[in-house]
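Notebook open, structure loaded. I wanted to jot down what I looked up, entry by entry.

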Amino acid sequence: MPRLCLLAALALRLAGAALLSPGSCTFEDSACGYQWDYAHLPWTLHGEGHYISVDTSYEGEKAVLSSPDLYSEEWSCVRLIYQIATTSDTSPDPARLNLYLRQEGESFDRLLWSAKEPSDSWLIASLDLTNSTKKYKLVLEGEMGQDKSTSIAVFEIKITSGYCIECDFEENHLCGYVNRWNPNVNWFVGGGNIRNSQSILPKDHTLNSALGHYMYVDSVYVKHFQEVAQLISPRTTAPVSGCLSFYYQLKLESSIIFTVYLRDMSGFYEEIWKTDGALNADWALAEVDFNAPYPMEVIFEVAFNSAKGGYVALDDISFSPVYCSNQTGAPFNPVNAGCNFEEDLCNFYQDHKDGPGWSRVKVKRNVYRAGDHTTGFGESKLLSPRRVKLYISCIKGYYLLANTKFTSQPGYIGRLYGPTLPGNLQFCLRFYYALYGFFKMSGTLAVYIFEENHVVQEKIWSVLDSPKGVWTQAEISFKKPMPCKVVFVSWCKSFWDCGLVALDDVSLSLGSCQAADLLLPTPGECTFEKDECVFTQKKRGRGSWHRKRGPTPTSYTGPKGDHTTGDTTCI
């Protein structure tokens, strides 16, 4: 078994261990009420090194460690200091450490966090727990994978009230904040009676004492124009909005830029605050409205132009769910911008000046046709306009169909408007469409962004593939600075070139589609696009489930295509 790196352990010891809150544990002389499941591998408590671990010296697939019953009506932050050690970095089935939330009365454990990257040192994970009136347990699960020499260790679990992005820098783990390494300029811990830099301040803000700590960055080692230092917060793991505040000092001798950004999981930066450049001889309070409806990091960035740029010090980052600007109103709910068309058009509507372009239809299911995407009723291959009315029945399974009216008009156009979306938010739009009978694909189906007054701003997507007659998923990421609407447009100039366009299960989520794909699945749900999520089976072999792409080996069996995307991965 690889030897666990314990050199960093003493540096990560937390002050005030005797005052740990319920659910917290340093594993110094006990497991603090945490219990392991004897049906799986045992955890070993190392009193000398102050950690708990599991390794492959025992035969088994996983080890489970459960906390005592916990209860908190306040927002909480869980910090986990851990290490995964293995001899192989490229195993097809690597070791993994998972953290679940087991709430009272729930059928499924909710996966909060998962890690599989091996390391030769201790790492820290920070996870937000929303306030709840239910009792809960934290469940740690160590999966050993296929490597013959693996160990998973947990040095500390700490639960504190408040948000994970808050920090006073008085503890050695720095609340999970990390410095992005730069050869010349970096953020350092100041205070604690250390006198190793001209930028060290006589007192911090938290304790107003020389013994207190803060973060600072100094220009003394700047060698190039526009040298940048970044201090990065833990990533938010639950939607938060309100007021972000912090205290800072700035000594300005030449050009210096102190900026605060938000960065999402796809790497998109959004500036939310910038200093006015004035000299602050004492701690100054900064407040900024903060909105993170999807996982984001807060980045404190300082840019210097010379070695005489000065320094910036930072302390007491805090967060309140009440906006600094006292703005009111309910946050935008993306669920209201989606529709499966089973009951009505939801918040979508049409512009009838060009005629009835889109019709809400239901089609009788038969043995050859899968039909409506939401329920599976109806047809997968669409009928011609002459025959579509013959198959409308009372079976539930609605979707939208363009060009359903058989008329003598030379062509058609259909515009389907969505509800107004707020500006300056990243969105992921997903929907399913099916095409039949088009001879020319131009204008078949496109998605536009309209301003509120119905002025076309931009086409963000259009059909490129040829008609398949099966449901196919499309996804689009977009962000606009002003309020806007998503509009589905289908049009055809010549009657003889026109076919049918079906639309179903339109959904909108916050964040880019790439970032949404990185989010942990909802308990009990899995699309099997990347892996089997948290589903497991006892044995693999004949009679087992297999994750596949394409047709089944036996003729005339299995689905024609994957249900999630319409392409040919399913299980």
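My entries below go from confidence to strands, then to one residue and the cores.

**Ground rules.** I am working with a predicted model, where local features need pLDDT of at least 70, side-chain atom pairs count only at pLDDT 80 or more, and totals for chains, interfaces and linings use all residues. Residues are numbered from 1 along each chain as its sequence is written, and side-chain values use heavy atoms, with hydrogens and water left out.

**Confidence.** I started with pLDDT (the predictor's confidence in each residue, from 0 to 100). The protein chain has a mean of 80, and 76% of its residues reach 70 or more. Then I went through the elements, meaning DSSP runs numbered from the N terminus: helices (H or I, at least four residues) and strands (E, at least two). Helix H1 (residues 513–518) has the lowest mean pLDDT, 70, and strand S11 (residues 178–180) the highest, 95. I also noted residues 366–370, where pLDDT is below 50; beyond near neighbours in sequence, that stretch has 14 contacts in the model (heavy atoms within 4.5 Å). Residues 378–395 are below 50 as well, and this stretch has 57 contacts beyond near neighbours in sequence.

**Strand S30.** S23 (residues 398–402) runs antiparallel to S30, with three bridges, and Ala 402 stands opposite Val 501. S25 (residues 425–436) is also antiparallel to S30, joined by nine bridges; here Cys 428 faces Ser 509.

**Thr 259.** I looked this one up in strand S16 (residues 256–264). Thr 259 has a relative accessible area of 2%, so I put it down as buried. Leaving aside neighbours within four places in sequence, its contacts are Glu 271, Trp 273, Lys 274, Ile 299, Phe 300 and Glu 301.

**Cores.** A nonpolar core here is a set of buried Ala, Val, Leu, Ile, Met, Phe, Trp, Tyr and Cys residues joined through side-chain atoms within 4.5 Å. In the largest one, of 76 residues, Trp 187, Phe 300, Phe 431 and Phe 488 touch the most other members. S25 gives the most to this core, six residues. Leaving aside neighbours within four places in sequence, Phe 488 has contacts including Phe 348, Trp 358, Phe 431, Leu 503 and Val 506. I then found a second, separate core of 33 residues, with Leu 80, Ala 95, Leu 97 and Leu 99 among them.

Methods: Pairing = 2+ DSSP bridges. Buried < 20%, exposed > 50% of the residue type's maximum accessible area, 1.4 Å probe, protein only.
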